[in-house]
Amino acid sequence: MTLLWKILLGIILIGRLGQGQDLLEESLEQIAVDEGAEEGGEEVEEPEGPGADVTQPDDRQPCAMWMGGVPGTPGHSGKPGRDGRDGRDGQRGVKGEKGEAGEKGDPGQKGDVGPAGPRGFPGNPGLKGARGDSALSYHSAFSVGLSELVPATNVPIRFNKFFYNDQHHYDDVSGKFRCLLPGVYFFTYHLTVYTKDAKVSLYMNDKAIMFTYDQYQETNVDQASGSVILRLEAGDEVWLQVYGDEGFGGVYADNTNDSTFSGFLLYPAIPAPAQRR
């Protein structure tokens with residue numbers, strides 16, 4: 001049975017090939033006739049004969065024409081075509097919802113210092129500060145005198161007669177002025193000299209600053225005086241003292257003759273914050 005099917009299949013294929021060859025010859029003859037008609041302008045009569053009618057079926061073909069052939073083998077896939085052109089931009093989509101904040105990153109390196117910017121406008125004035133202390137509120141002054149002859153030498157003279165000592169900056173026990181308010185001070189003394197010569201010096205912190213000497217004239221009352229300006233710090237001390245032996249202790253005082261020592265603050269050394277106010 002298998003051999004018979006193979007023979008039948010071979011007959012069908014031979015018939016299909018013969019039919020294809022007859023169709024090709026018929027097409028070539030028709031093309032030649034058409035070209036001759038166009039060139040001569042006349043119709044060419046088809047030749048008569050038993051082989052002229054190509055439309056008639058050929059009884060010699062081995063099998064009927066209605067039987068189809070075996071399907072051919074599928075061809076290979078062609079090469080991919082080139083990419084098409086880019087399309088137009090679509091419409092802008094709706095804005096999406098805000099995403100969650102990410103984790104904080106590591107701090108970056110410190111950048112370089114930028115150039116200085118332009119100078120800004122002046123700021124608004126600040127609030128008025130509290131009322132400061134006036135220089136007039138700093139007081140320090142004294143004026144004292146003697147009531148008798150100076151009894152000893154080489155020690156501070158103890159003035160025991162007070163003209164002014166409201167701040168009590170002069171101490172009559174020690175005979176010294178003690179500075180409590182730093183600043184610039186003026187000191188002066190006016191002494192009566194009687195019965196002997198007088199040598200007097202003004203001391204500041206155990207150091208002689210200035211000296212005064214008066215030589216006594218018999219049957220006469222002499223006067224000796226001096227003045228100085230000093231810058232003092234808190235705790236500094238100033239006083240008068242007779243220097244030398246008793247022969248130079250001629251500083252005198254009685255009911256009609258005075259020997260005085262005075263001093264006062266010219267201006268205080270105001271702290272920097274107070275000066276800015």
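Colleague: Which strand does Phe 264 lie in?

Modeller: Phe 264 is in strand S10. Keep in mind that this is a predicted model.

Colleague: And is Phe 264 buried, partly exposed or exposed?

Modeller: Partly exposed, because its relative accessibility is 36%, and the range for that class runs between 20% and 50%.

Colleague: Which residues make the nonpolar surface patch?

Modeller: Ile 229, Phe 264, Leu 266 and Tyr 267 make the patch, which covers about 400 Å².

Colleague: What gives the most to that nonpolar patch?

Modeller: Strand S10, residues 260-268, which puts in three residues.

Colleague: OK, new topic. Where is Thr 192?

Modeller: Thr 192 sits in strand S5, which spans residues 183-204.

Colleague: Buried or exposed, that Thr 192?

Modeller: Thr 192 has 1% relative accessibility, so it counts as buried; the cut-off is under 20%.

Colleague: What does Thr 192 touch, not counting residues up to four places away in sequence?

Modeller: Val 221, Asp 222, Gln 223, Gly 250, Val 251, Tyr 252, Asn 257, Asp 258 and Ser 259.

Colleague: Let's follow up on Tyr 252. Which strand is Tyr 252 in?

Modeller: Tyr 252 belongs to strand S9, residues 249-252.

Colleague: How many residues apart in sequence are Tyr 252 and Thr 192, and what's the C-alpha to C-alpha distance?

Modeller: They're 60 residues apart in sequence, with 5.3 Å from C-alpha to C-alpha.

Colleague: What else is Tyr 252 in contact with, leaving aside neighbours within four places in sequence?

Modeller: Besides Thr 192, Tyr 252 contacts Leu 149, Tyr 194, Asn 257 and Ser 259. Asn 257 and Ser 259 also touch Thr 192.

Conventions: Residues are numbered from 1 along each chain as its sequence is written. This is a predicted model: local features need pLDDT of at least 70, side-chain atom pairs count only at pLDDT 80 or more; totals for chains, interfaces and linings use all residues. Side-chain values use heavy atoms; hydrogens and water are left out. Helices (H or I, at least four residues) and strands (E, at least two) are DSSP runs, numbered from the N terminus. Buried means under 20% relative accessible area, exposed over 50%, partly exposed in between (1.4 Å probe, protein chains only). Contact means heavy atoms within 4.5 Å. Patches are made of residues with over 30% relative accessible area and no salt bridge: like charges are joined within 9 Å, nonpolar side chains (Val, Leu, Ile, Met, Phe, Trp, Tyr) within 5 Å. Accessible areas come from the Shrake-Rupley method with a 1.4 Å probe; for residues, only the protein chains shown count as cover. A salt bridge is a side-chain nitrogen of Lys or Arg within 4 Å of a carboxyl oxygen of Asp or Glu.
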